[in-house]
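Here is a short tour of one model, written to be read with the structure open beside you.

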Amino acid sequence: MHQALTSLLDLLDLEQIEEDIFRGRSRSAVVPRVFGGQVAAQALVAAGRTVPADRHAHSLHAYFLVAGDPGAPIVYTVDRIRDGRSFTTRRVVAVQHGQPIFHLSASFQTYEDGLDHQAPMPSAPDPESLPTAAELLPRYADSVLSADVVARLLEAREAIDLRYVDAPPFAFVGKPQPPRSQVWFKAGGKLADDPLLHVCLATYVSDMTLLDSVLLAHGRGGWAVGDVVGASLDHAMWFHRPFRADEWLLYDQESPSASGGRGLGQARIYTQDGQLAITVIQEGVVRVPR
């Protein structure tokens, strides 16, 4: 297994310090704060560890309250809201320096048969035909991004094989595009069969590119370029069908609206064989620096 993926899995393997209380570490991010996808994934790990193994995550709703300090541990406290016959609900609060920085509610369900339909998968090229991050990002060094930013982007995505179908937002600075973006992604190595692990890996990745479509609509390069100031505000995910995060997943993203210093991104994640696995919606702060 790739060392970067091993490090990411270690990051998600929270330390249990008391019943329903867990402690997590942080890793470096592109910006000087804890990466939101990391906090969301760790909180879901904490919730999942208090739930019977036959109940799988089917949704989460979260709010990012305060920017996290990457130099300090994060304590996750789980509140066992409800244990029903079919559904289990958990609430998780992440705390640093005595202050809540993140709040998550997650619901888990036992497997049931039922009605089944889905939106069709959009067209997209074979992921293996697209350049890797290590091949793509250095093309923008010095011309658009500093070498330091490229290095930090590559380090932040080293554990995940993430490939743009077109190009990242900083390729279109000053050239507004349709508010839509696609990426393929998968873990950079084989994962264990634990369904919670695959859901948490997808949660981690879901915060990486979801607001790209907001930036594309306005010809903005984003936080890597410095022509906007942004941060995640809230995040919601619905897990529809089983999937593996170590197999290719298509992240089809769009932005229906931006206003009031905020931008909305919504997306569907499909398996390579066309199954709709996840729906994601996120709103973030998107401000133009004065």
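## The nonpolar core

The largest nonpolar core has 73 residues, and Tyr76, Phe102, Ile160, Leu201 and Ile278 touch the most other members. A nonpolar core here is a set of buried Ala, Val, Leu, Ile, Met, Phe, Trp, Tyr and Cys residues joined through side-chain atoms within 4.5 Å. Buried means under 20% relative accessible area, exposed means over 50%, and partly exposed lies in between (1.4 Å probe, protein chains only). Apart from this core lies another one, of 8 residues, including Ala119, Leu130, Val165 and Leu250.

This is a predicted model, in which local features need pLDDT of at least 70 and side-chain atom pairs count only at pLDDT 80 or more, while totals for chains, interfaces and linings use all residues. Residues are numbered from 1 along each chain as its sequence is written, and side-chain values use heavy atoms, with hydrogens and water left out.

Take a look at Ile160: not counting residues up to four places away in sequence, Ile160 touches Leu8, Phe185, Lys186, Ala187, Gly188, Leu201, Tyr204, Val205 and Met208. Contact means heavy atoms within 4.5 Å.

## Helices around α5

Helix α2 (residues 36–48) and helix α5 (residues 195–206) have axes that come within 8 Å and cross at roughly 160 degrees. On the α2 side, Gly37, Gln38, Ala40, Ala41, Leu44, Val45 and Gly48 meet Leu196, Val199, Cys200, Thr203 and Tyr204 of α5. By class, this contact of α2 with α5 has 8 nonpolar, 4 polar and no charged residues.

Helix α1 (residues 3–12) and α5 have axes that come within 12 Å and cross at roughly 105 degrees, and α1 and α5 are therefore roughly perpendicular to each other. Here Leu8, Leu9 and Leu12 of α1 meet Leu197, Leu201 and Tyr204 of α5.

Ser59 lies in strand β3 (residues 55–64) and is buried, with a relative accessible area of 7%. Leaving aside neighbours within four places in sequence, Ser59 is in contact with Ser105, Ala106, Ser107, Met237, Trp238 and Phe239.

Pro138 is found in the loop between α3 (133–136) and α4 (147–156), and at 39% relative accessibility Pro138 counts as partly exposed. Pro138 and Val150 are 12 residues apart in sequence and 6.5 Å apart in space, C-alpha to C-alpha.

Terms used
Axes are lines fitted to C-alpha atoms, for helices over the stretch in contact, and angles run from 0 to 180 degrees between N-to-C directions. Helices (H or I, at least four residues) and strands (E, at least two) are DSSP runs, numbered from the N terminus. Ala, Val, Leu, Ile, Met, Phe, Trp, Tyr, Cys and Pro count as nonpolar, Asp, Glu, Lys and Arg as charged, and the others, Gly among them, as polar. Angles under 35 degrees count as roughly parallel, over 145 as roughly antiparallel, 65 to 115 as roughly perpendicular and the rest as oblique.
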